[in-house]
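Biologist: Can you put the model up? I have a few questions about its side chains.
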Amino acid sequence: MLRLNRFRKLIKSGIFFIFAAAIFLFIPEYSPAQQKTITAFLESGPSALSGMPGLGVNVLKGWKGIYQLPAGSGTAEKVTVYFSKTSVPVFESWSEVKTASNTIFKAGQKNLFIYRYLENWTLFIEFNNDDIPPGALFFTDALIQQMIFFVRDGSNFVNSSFPAVIEYKP
């Protein structure tokens, strides 16, 4: 009889465990992984140019591309991205901005951000509207990660090295 009671308790606890596991596995829960992915497309570029933004008059050689970000208001946001194989020094007038996974610098213009990769190359990200769109720093993080993958040390950059699609989650 004592063994039968122990067996019943064991079965009850087993059923409870299975029921609890089923609840945790099958009841949907909000998580960041369920957020909608936003896609930005390279609209034009890259095209060679001389002179980077935010540095005054300069002759730094580089490439320019324009990305189109979807906007909540129905009109698309444009983001101009400049790439230079030259590592630009950080100026005192720039302010440091921490994103989810990078440290970027905000230049004097309110819509220009600058990223330096290990003293090898520089990325300028300029939002064309005066107001920076929501999710802009998430786009910036995703773009930086893609550029690091494409470029690495800057020596192997070719005109086709801007990523055509940038996917990110706000």
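Biologist: Is Lys78 buried, partly exposed or exposed?
Modeller: Lys78 is partly exposed, at a relative accessible area of 29%. Buried means under 20% relative accessible area, exposed means over 50%, and partly exposed is in between (1.4 Å probe, protein chains only). This is a predicted model, where local features need pLDDT of at least 70, side-chain atom pairs count only at pLDDT 80 or more, and totals for chains, interfaces and linings use all residues. Residues are numbered from 1 along each chain as its sequence is written, and side-chain values use heavy atoms, leaving out hydrogens and water.
Biologist: Which side chain does Lys78 meet in a salt bridge?
Modeller: Glu43, at 2.4 Å from N to O. A salt bridge here is a side-chain nitrogen of Lys or Arg within 4 Å of a carboxyl oxygen of Asp or Glu.
Biologist: What parts does that pair tie together?
Modeller: Lys78 is in strand 3 (residues 77-84) and Glu43 in strand 1 (residues 38-50), so the pair ties parts 35 residues apart in sequence. Strands (E, at least two residues) and helices (H or I, at least four) are DSSP runs, numbered from the N terminus.
Biologist: New topic. How many aromatic pairs are there?
Modeller: Nine. Rings of Phe, Tyr and Trp (its six-membered ring) pair if their centres lie within 6.5 Å; planes under 30 degrees apart are stacked, over 60 edge-to-face, the rest tilted. One of the pairs is Phe113 with Phe127, edge-to-face because the planes are at 80°, with centres 6.1 Å apart.
Biologist: Are Phe113 and Phe127 buried or exposed?
Modeller: Both Phe113 and Phe127 are buried.
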